[in-house]
Amino acid sequence: MKKVGSHYQGNSSCTFTVWAPEKEQMMLELVHPKEEILPMTKSRSGYFELTLSEIEPGTRYFFRPENKHHYPDPASQFQPEGVHGPSEVINHRTYQWQDQTWKGVPFPEVILYELHVGTFTPEGTFEAIIPRLKELKAFGVNAIEIMPIAQFPGGRNWGYDGVFLYAVQNTYGGPEGFKKLVDACHAEGIAVYLDVVYNHVGPEGNYLEEFGPYHTDKYCTPWGGAMNLDGAWSDAVKEFFILNALYWIEEFHVDGLRFDAIHTIFDQSAVNFWQLLHEKVHELELRLGRLVVLIAESDLNDPKVLKSVDTGGWGFTAQWFDDFHHSLYSIIDEKEGLKRYPDFGRMDQLAKAYTDGFVHSGEFNKVRKRRFGASSVSLPGHQFIAFIDNHDQAGNRLLGERLSMLLSADRLKVAAAAMMLSPSVPMLFMGEEYAAQTPFLYFISHSKPELIEMVQKGRKEDFKSFNEGKEEAPPDPQDEKTFQDSVLDWDQRKEGKHQQMLEWYQALIQLRKTQPILQNFSRSSTQVQTIDESGFVLIRQNSSGTHYLSAFFNLSDQQVEAKVPHRCEQWDLLVHSYETRFSESTHEKTFPENVYANTSIQLLPWSVAVYMGESLETN
């Protein structure tokens, strides 16, 4: 595969490469520290190339297709002046990495934490995250998933409007700042997964079509035409994205990548894009001698996403588990849950998410008006990432409300336990651990008035259709206040109910890390007993079947009775959500220290109690 962009080779030598198969002429325009325009040589495969001496890191340049208007490098590694400015030559060899012994975190052991760099701290930079890593580690996080950092317009964006996929956002701290963060994470035992966007490129500063056919009208996506992965000249487009994935892993030492909305990436080639990417990543993984994780966001409910390439799958390590979120949320938030997810809302569906994975596995789907999905019961639980909130769930509400702004503390604790005790890898959204009360709104900082107006109008229409025609308008995405309102308030985590929630999460994570039962992801080792539509009992066992864990969940406003499972004669209480360190409740009756097989236990409203026992067969 042909590397594109500027590649500094040391000794003041740099090679510039750009793909433009349908152009007859390409010029390299140097603009700093010296100004010069030089012709490039074209190869048969459509690449223009030029190697120069006396070029130092920090040199800024443009490319000029057909020697007309100049544009930044499509594979720019740094855009110090933003998306319309010149690209800059970077020397990746100067950073002194300190993580030589780092091998990664085994994925089944991961406690994942999604964060947005710009709003995680008041400073909104990579380096400002570093002092917070010890706090994340202390409450149990061992992996972070960073929302996209490819260069986007301005300084305020979720990251999904990135236009230079190799360039680290300048306002976050650029390449050097990101390397420092990754290095610091590894020093704390925290893996780093980076969210990348290969299904579209943002609207402002997108100059790809000035160079070649990166897009196609053959397929349609929510953002317009799709990326050209199986049409004319598509080999080079595939290589552009695959090399980008390898670039983040090799040059920035990231431990894995999360791929946005893979269901909007289309390739009907005999060997499709995902299979080829997996092959190249695996080769790099072997060469580097460390674990690399590939995470999908997929709306397909198709097990082939997670199956190995050898068996005809796409080879992803894991995928976001939307069905778990939808099943749980539609029950715990009666007001909005079914409105958002009308195909969910039953307790047996939540039970299926635990035992089988995909809830919709071939049944008729009312929203899609067709049968949808296939069974994932053969796939282990650690290939599914369970969450109760994320950037999409909060950011696509009218006022950016997090789950912690919509539900009571008791319901939040039940939701947290439902996730943390599941046979899936859990993921928290930043601030969730202390029930943050700051919203996470949608924000942008475009420079073109017509684009700003288009986004503003689009958001209003989206919410109008969702809110049954009501004219409520979301906060202006372009207004800096919308962004500032979304910045986390770290002082909250030390206060009252926020500290109680933090301690609840710590207890759940500690339980997950210390109980072998919760490290068994086999589907056959997980059972669920529903309590009508009021709650359920989650039963998990260790791999040898000698010990069991039962979590009794009441998802209702009334006290309910649950039958104690027969698998153990005596069950001993581990933790419950009404403990005084986690709750402000003064309820006189809580949960007994021991319960016994085939008896009953009374469950308090919106509560969870976790018990463990030894199998009758081992006594």
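Predicted model: local features only at pLDDT ≥ 70, side-chain atom pairs only at ≥ 80, totals over all residues.
**Entry 1: helix 11 by itself**
I started with helix 11, which covers residues 409-420. At 1.5 Å a residue, its 12 residues should span 16 Å, and I found the end C-alpha atoms 16 Å apart, which agrees. Next I asked myself: is helix 11 mostly buried or exposed? I found 10 of its 12 residues buried, so helix 11 is largely enclosed by the rest of the structure. Among the buried ones are R411, V414, A415 and A418.

**Entry 2: helix 11 with helix 14**
I then looked up helix 14, residues 496-514, which packs against helix 11 at an angle of about 20 degrees, with the axes 10 Å apart. Angles under 35 degrees count as roughly parallel, so I wrote down helix 11 and helix 14 as roughly parallel to each other. Their crossing is right-handed. On the helix 11 side I listed A409, L412, K413, A416, A417, M419 and M420; they meet M501, W504, Y505, L508, I509 and R512 of helix 14. I sorted this contact by class and got 11 nonpolar, no polar and two charged residues.

**Entry 3: helix 7 with helix 9**
I noted a left-handed crossing here. F324, S327, L328 and I331 from helix 7 meet M347, Q349, L350, A353 and Y354 from helix 9.

Note on methods:
Residues numbered from 1 in each chain as written. Heavy atoms only, no water. Axes fitted to C-alpha atoms, helices over the stretch in contact; angles between N-to-C directions. Helix = DSSP H or I, 4+ residues; strand = E, 2+ residues; numbered from the N terminus. Parallel < 35°, antiparallel > 145°, perpendicular 65-115°, else oblique. Left-handed = near helix turned anticlockwise from the far one by under 90°. Contact = heavy atoms within 4.5 Å. Nonpolar A, V, L, I, M, F, W, Y, C, P; charged D, E, K, R; others polar. Expected span 1.5 Å × (residues − 1). Buried < 20%, exposed > 50% of the residue type's maximum accessible area, 1.4 Å probe, protein only.
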